[in-house]
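Please look over the sequence and the structure shown here before reading on.

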Amino acid sequence: MPTVQVQERGTFEAEEGKKLVLVLEDNGVDILHRCGGNAKCTTCSVEVLAGDAGEMGEAEAAVRQAKGITDPNVRLSCQIRVHGDLEVNVLKTAASTGLEPGTRPQD
């Protein structure tokens, strides 16, 4: 079973193929996901520090470009399916922004 290490928040086992945003939320990690996991808002962005987050799809690439995200290590956790060990840093939280997390993303 893959593991996801989240800087300053712990290490968690992840079900193979599960969306990273759901792995984080299900393990109590404070992460935003304002568009419900539809690759429209970028609030669920994470910095991938180690591991393979998989190929970036068209929807993720388009919203990253529209929002001016150029760092290849910054990815949308709602678009990453966990297939191997990952180490990430959560970039936006409900606590740090004062926003509600958003509706639970669909699997």
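Leaving aside its neighbours within four places in sequence, which residues is Thr43 in contact with, contact meaning heavy atoms within 4.5 Å? They are Leu32, His33, Arg34 and Lys92. The model is predicted, so local features need pLDDT of at least 70 and side-chain atom pairs count only at pLDDT 80 or more, while totals for chains, interfaces and linings use all residues. Residues are numbered from 1 along each chain as its sequence is written, and side-chain values use heavy atoms, with hydrogens and water left out.

Thr43 lies in the loop between α1 (20–26) and β3 (45–51), where helices (H or I, at least four residues) and strands (E, at least two) are DSSP runs numbered from the N terminus. With a relative accessible area of 10%, Thr43 is buried, a word that stands for under 20%, as exposed does for over 50% and partly exposed for what is in between (1.4 Å probe, protein chains only). A polar atom of the Thr43 side chain lies 3.0 Å from the backbone nitrogen of Arg34.

Turning to the charged pairs, there are 5 salt bridges, each a side-chain nitrogen of Lys or Arg within 4 Å of a carboxyl oxygen of Asp or Glu. In one of them Arg104 pairs with Glu25, the closest N and O atoms being 2.9 Å apart; because Arg104 lies in the segment after α3 (94–97) and Glu25 in helix α1, the pair ties together parts 79 residues apart in sequence. Arg104 also forms a salt bridge with Asp26, at 2.8 Å between the closest N and O atoms.

Technical notes. Polar contact = N/O pair within 3.5 Å; in protein donor to acceptor, adjacent residues only side chain to side chain. Contact = heavy atoms within 4.5 Å.
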